[in-house]
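Visitor: Please pick one part of this model and take me through it closely. I would like the cut-offs stated along the way.

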Amino acid sequence: MKIHIPTPLRQFTHGQEAVEVSASSVQGALDALTLSAPELRRHLFTEDGKLRSFVNVYLNEDDVRYLPAKELTVTTDVDELTIIPSIAGGSSCCR
Amino acid sequence: MATETMIPDVATELPKLSNEEIARYSRHLILPEVGMEGQQKLKAARVLCVGTGGLGAPLALYVAAAGVGTIGLVDFDVVDESNLQRQIIHSQGTVGKLKVDSAEQMLHGLNKNTKIVKHNVMLTSANAMEIFRDYDVIADGTDNFQTRYLVNDACVLLGKPNAYGSIFRFEGQASVFGAPDGPCYRCLYPEPPPPGLVPSCAEGGVLGILPGLVGVIQATETIKLILGIGEPLIGRLLLVDALGMSFRTLKLRKNPDCPVCGTHPTVTELIDYDQFCGIAKPATAGPLEVSSHGSVDQGQAVVDGIPQISVEQLKARQDAGDRPFVLDVREPHEYAIVNLGAPLIPVGQIGSRLGEIPVGKDEEIVVHCKSGGRSQKAALELRSAGFLKVKNLAGGITAWAEKIDPSMPKY
């Protein structure tokens, strides 16, 4: 299945905007994604393995937090995951 | 009776349009979805643009062109030439002027009928409610998390819809928060990311056109809310990807446990948003133009145990033949713009490239970046890696260009 990576996190995926993983659940897909990228794992999960509250993960167009089985929701190859981080820019200044 | 139904209702509460206005708005008036009543609603409407930057610029221009009667502008900043890459409400001739004055000039040039209310202040918990109270729709075009949460909470507390937009590099988000039964910004993001986890300015920048795309979406939503037509982005988050040129919408839900709009709210008045976002209060620059990781005060001699060296001090020492090792921690694309000839290790790679530092751990290192924020972070990392004499060049290469070598470009 395809995982869409938002711009701020692409530094951890060698600039790729989407990553293909094979997994049978949302959790499995995120594990597969972060297996080779510990820095990305730190951005997405707390130390006890929970999704950080400012990171939203969507399975197709639904927030995973509101799915009955949450991260354990079963997925197939045609499903898409999207990671939505907080962005604040309106003008984007840089120091 | 039959004759009465042949005469449609004419809204009497709404302001009348002059003949000049009827001619001006003819393309709206012949759209049944807008029509005479819709145009009168626009004339009666009061829209607040929070920020007149990248998003606020196209937003305010289109809202003024559409015939919104009153537009409030909140900004305390001054127009800088580097704003003109995207902030099309400002222009070459208004560089150096207050943004609210510059924006007013452009908006009045576009539509003489628009009433502009200027709020040349930094939006804070102390003034937000008072400012927002007078408006029907709030359009959030700010650029930092503190103000995002402040705008959200004030909108929810006052029951005002928030036409939200935000951008980063090539990507944008838009939604309508704070509508009566819709979710708010906190339903989506209950809390802000800790400062250490937000994208650093090494990954900053924005494609100039992107705020145009997203700001016009905010303007569209604002106009739809005023007219009561179509399906506003309530309960939906629009994702815009300018590189792939894809637009996707995701469902947002109202969180019953939301601290501000949930069934048992714990936030019932505005709070200290700097503290909530875990960052120091902005010093000189205000919240609309402060990067999310905060700024380093150039006046201090030591910050978090790292001595700060001024560009004048460094220059004087170099002129005297005392040349400490200088390390540039910016990105290669920034080095290509301008550099001091110092070796380059981007801040994100310091930890893995310590072996490339050509001086001993007891020798002096002066770290610099663009304006002193990233180099402070790098200096702390070097110190924890055992380098004992690490200093931060206060103000970075920007201060060097301003005070030592004015022939150098600033970016």
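Guide: What follows is a look at the sheet of chain A and at the confidence around it. This is a predicted model: local features need pLDDT of at least 70, and side-chain atom pairs count only at pLDDT 80 or more, while totals for chains, interfaces and linings use all residues. Residues are numbered from 1 along each chain as its sequence is written, and chains are lettered from A and ligands numbered from 1 in the order in which they are written.

The sheet in chain A is open and has 5 strands, in the order β2-β1-β5-β3-β4, with mixed pairing. Strands are DSSP runs of E of at least two residues, and helices are runs of H or I of at least four, numbered from the N terminus; two strands pair if DSSP finds at least two bridges between them. At the edges of the sheet are β2 (18–20) and β4 (62–63) of chain A, each of which pairs on one side only. The partner of β2(A) is β1 (residues 2–4) of chain A, and the two run antiparallel over 3 bridges. In one of these, A:Ile3 is bridged to A:Val19 of β2(A).

Strand β1(A) also has the highest confidence in chain A, 94, while the lowest is in helix α2 (residues 38–44), with a mean of 85. The scale here is pLDDT, the predictor's confidence in each residue, from 0 to 100. Chain A has a mean of 86, and 94% of its residues reach 70 or more. In residues 91–95 of chain A the pLDDT is below 50, yet beyond near neighbours in sequence the stretch has 26 contacts in the model (C-beta atoms, placed from the backbone, within 7 Å).

How values were computed
Two residues are in contact if their C-beta atoms, placed from the backbone, lie within 7 Å.
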